[in-house]
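Hi everyone, thanks for coming. I'd like to walk you through one structure today, strand by strand in places, so please keep the viewer open.

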Amino acid sequence: MKSKLLYSSVVALSVLMAAPVSAAVKIGMITTLTTKAGYLGEDIRDGFKLAIEQGGGKLGNVDVELMVEDDGRKPGKGRQIAERYIKSDKVKIMTGIVFSNVAMAVVPKVVKDNVFYISPNAGPSALAGKGCHENYFNAAWQNDNLHEVMGQYVTDAGFKSAYILAPNYPAGKDALAGFKRFYKGKVVGEVYTKLGQSDYAAELANLRSTKPDAVFFFLPGGMGINFLKQYSQAGLNKTTPVFGPAFSFDARILKAVGDAAVGVHNGSQWNFDLDNATNKQFVSAFKEKYGRMPTLYASQGYDTANLIGSALKATGGEPQNMVDFRKALEKANFDSVRGNFRFGNNHHPVQDLYVREVVKDSTGIHNKTVKKVFSNHQDAYAGSCNL
Amino acid sequence: MLLFIEQVLNGLQLGFMLFLLSAGLTLVFGVMNLINLAHGSFYMVGAYVAATVMQASDSFVLALLVALFTAGLCGFLVEVIVLRHLYKRDHLDQVLATFGLILFFNEGTRMIWGRQPLFMQVPELLSGSVEILPGIPYPVYRLVIIAIGLAVAIGLYLLINHTRLGMRIRAGASNRSMIAALGVNIRWLYSLVFALGALLAGFAGVMAAPVFAVESGMGESILILTFVVIVIGGIGSVKGALLGALLVGLVDTLGRAFLPDLLQMFISSGANSIAASLSSMGIYLLMAVILAFKPRGLFPA
């Protein structure tokens with residue numbers, strides 16, 4: 001009896017003690033930190049943390065507590081983490097997911113439970129069109145965007161025929177669909193490769209025999225490294241220019257591909273050389289803190305944090321009133337590293353998209369912004385969203 | 001027609017690459033009756049060490065030697081520290097232990113080298129391409145992989161069939177306790193075989209490093225193909241591994257190369273993605289067909 005009393009008073013005390021700490025707004029981050037793709041989540045997290053650190057532990061002058069969990073690229077695991085965040089941690093704001101398949105397992109569920117989800121990366125079409133939701137925001141892009149910009153650019157540059165390839169999975173098909181939406185030339189080959197494939201000799205031989213004017217590929221991660229190395233070893237880079245989305249040309253991949261990537265044009269919503277004050281201080285602060293160049297994923301993590309900060313600032317803390325918080329998010333009243341940034345009706349960015357070129361100079365191999373291809377570009381699914 | 005010849009060459013090249021990996025795996029399985037899922041880890045170690053040494057010294061030969069030594073040494077240590085205690089246990093225990101080793105090696109490379117995939121260039125001498133057939137330039141490096149695969153095949157044949165060590169290996173495979181009774185130190189023989197297997201995997205890793213992405217976990221994507229190879233070839237047979245590897249390489253490459261066009265003649269829409277799914281099934285279909293007629297593989301040891 002006595003011990004029970006003691007026990008309950010300890011519990012009561014600890015609750016009292018904990019009260020001031022829990023005033024911080026909890027942000028639950030579910031991201032991919034292991035597997036080969038672990039560096040994507042690592043960069044999103046580090047960009048996000050940088051924003052918190054710059055605010056002195058606050059976002060938008062409100063104390064925040066960032067919780068980070070690794071989903072291991074597995075939808076089931078992502079969902080478990082989300083449930084734990086909601087049930088035991090009472091999290092109201094979530095973010096972090098890298099991959100669309102994980103996002104599809106988590107996002108539709110959590111937004112129904114009155115949690116705000118702000119995506120720093122994955123933007124599957126299913127969440128942008130009919131499946132859009134008032135509590136779901138995407139601070140990066142809709143998945144098709146970076147392929148669409150290349151479709152437009154390759155058309156503008158006057159390439160009459162293109163050979164296109166992507167892995168055989170939903171995001172791969174979306175990628176080629178996005179490219180074709182804006183490419184007006186002839187597609188002489190459309191190839192779907194195995195997910196995780198390492199040898200591309202067969203595809204390259206076929207590609208050579210169809211004599212395309214240009215090649216467009218979407219092969220994220222190691223697949224892209226394999227492809228680019230083998231493409232240049234086959235001597236194809238001397239005859240046929242290759243194009244792709246930024247995913248295969250981030251600072252980390254360029255280091256692994258080396259000279260084979262030089263000269264390739266790729267589409268992105270961000271680059272380290274974009275000329276605005278926010279971006280300049282972000283790039284130098286990131287380099288100083290982590291000792292490496294930020295990737296686009298880091299920039300998205302940073303923007304996501306500052307977007308959340310802008311809404312916290314407007315509402316003064318935990319999203320008590322969901323309507324106010326949502327309205328504040330919709331305004332996107334923050335300084336983006338991309339310069340222009342606003343949300344469309346489906347809570348996806350309406351933004352400028354650029355083409356970059358991989359160049360080599362005394363500082364190493366990096367991307368140089370070549371031109372702005374789209375101004376205020378909106379995704380193709382916004383029309384079918386009822387928000 | 002020219003394209004077909006080029007694709008056959010591509011298939012052979014992939015096959016020889018797989019052979020380098022599967023020779024060691026099948027040897028270990030055949031001689032020691034041990035399932036080693038961590039074989040791909042030695043491949044990764046070979047690639048990482050080669051890329052690091054190459055970056056530091058700019059010498060491919062040095063990179064090759066250091067990588068071979070390190071992979072062999074890793075194999076030796078793994079055998080002595082971990083696997084030696086598992087020979088008497090059943091296969092499930094071995095699978096669990098070697099799966100643990102995969103995690104260990106993957107995290108280990110992440111801790112030592114970080115998440116950044118490494119870069120390794122093709123050695124100067126072997127870069128560039130030669131025109132093997134009119135209008136078809138072929139990378140020299142890929143031809144070298146074929147040549148090295150052939151050389152290793154011949155070397156292993158000589159080692160196993162015409163040396164005293166090979167005789168002991170064969171004897172150890174067929175009757176472990178008899179050869180121990182005859183005074184051969186079977187423990188060290190096993191360590192040696194395992195180190196040799198690891199060294200071959202490391203060799204494959206070195207050859208793969210300039211062509212493929214050198215990243216943590218690179219071993220697993222190729223390990224599955226390697227297991228298909230040794231199952232097709234007959235577990236424990238180096239000859240089977242060679243034939244199995246070439247078959248898998250050819251079927252995989254030719255399937256990827258020609259199925260899309262072939263299907264397009266019959267179906268109009270969606271042929272591309274159906275072909276992609278079919279061609280990734282190709283090697284497993286091959287395996288199923290071969291096992292249906294030869295349940296123990298082409299050359300049961």
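In which sense do strand S12 and S13 of chain A pair, and over how many bridges? They run antiparallel, with 2 bridges between residues 342-343, which make up S12(A), and S13(A). Before I go on, a reminder that this is a predicted model.

Let's stay with that pair for a moment. A:Phe343 has A:Pro349 as its bridge partner in S13(A). The hairpin that S12(A) and S13(A) make has 5 residues between the strands, and there A:His347 takes a positive phi near 65°.

Now follow S13(A), residues 349-361, to its other partners. Strand S14, residues 364-377 of chain A, pairs with S13(A) in the antiparallel sense over 10 bridges. These two also form a hairpin, with 2 residues between them. If you want a pair to click on, A:Leu353 has A:Phe374 as its bridge partner in S14(A). Then there is strand S11, residues 265-268 of chain A, which is antiparallel to S13(A) over 4 bridges. Here A:Gly267 is partnered with A:Val355.

In what order do its 6 strands come? The order is S2-S3-S1-S4-S5-S6 in chain A, and the pairing is mixed. At the edges sit S2 (58-59) and S6 (136-138) of chain A, each pairing on one side only. Within this sheet, S1 (residues 25-31) and S3 (residues 62-70) of chain A run parallel and are joined by 7 bridges. A:Met29 stands opposite A:Val68 in S3(A).

On to a helix: H2 of chain A, residues 38-54. Is H2(A) mostly covered or mostly uncovered? Mostly covered, with 14 of the 17 residues buried. Just after H2(A), A:Gly56 takes a positive phi of about 65°.

Last stop: A:Cys385, in the segment after S14 of chain A. This residue counts as partly exposed because it has 19 C-beta neighbours inside 10 Å, while buried would need 20 or more. A:Cys132 lies 253 residues away along the chain, yet its C-alpha atom is 5.9 Å from that of A:Cys385. Beyond its sequence neighbours within four places, A:Cys385 is in contact with several residues, among them A:Cys132, A:Ala128 and A:Asn345.

Definitions and conventions:
Residues numbered from 1 in each chain as written. Chains lettered and ligands numbered in written order. Predicted model: local features only at pLDDT ≥ 70, side-chain atom pairs only at ≥ 80, totals over all residues. Pairing = 2+ DSSP bridges. Expected span 1.5 Å × (residues − 1). Buried ≥ 20, exposed ≤ 12 C-beta atoms within 10 Å, placed from the backbone. Contact = placed C-beta atoms within 7 Å.
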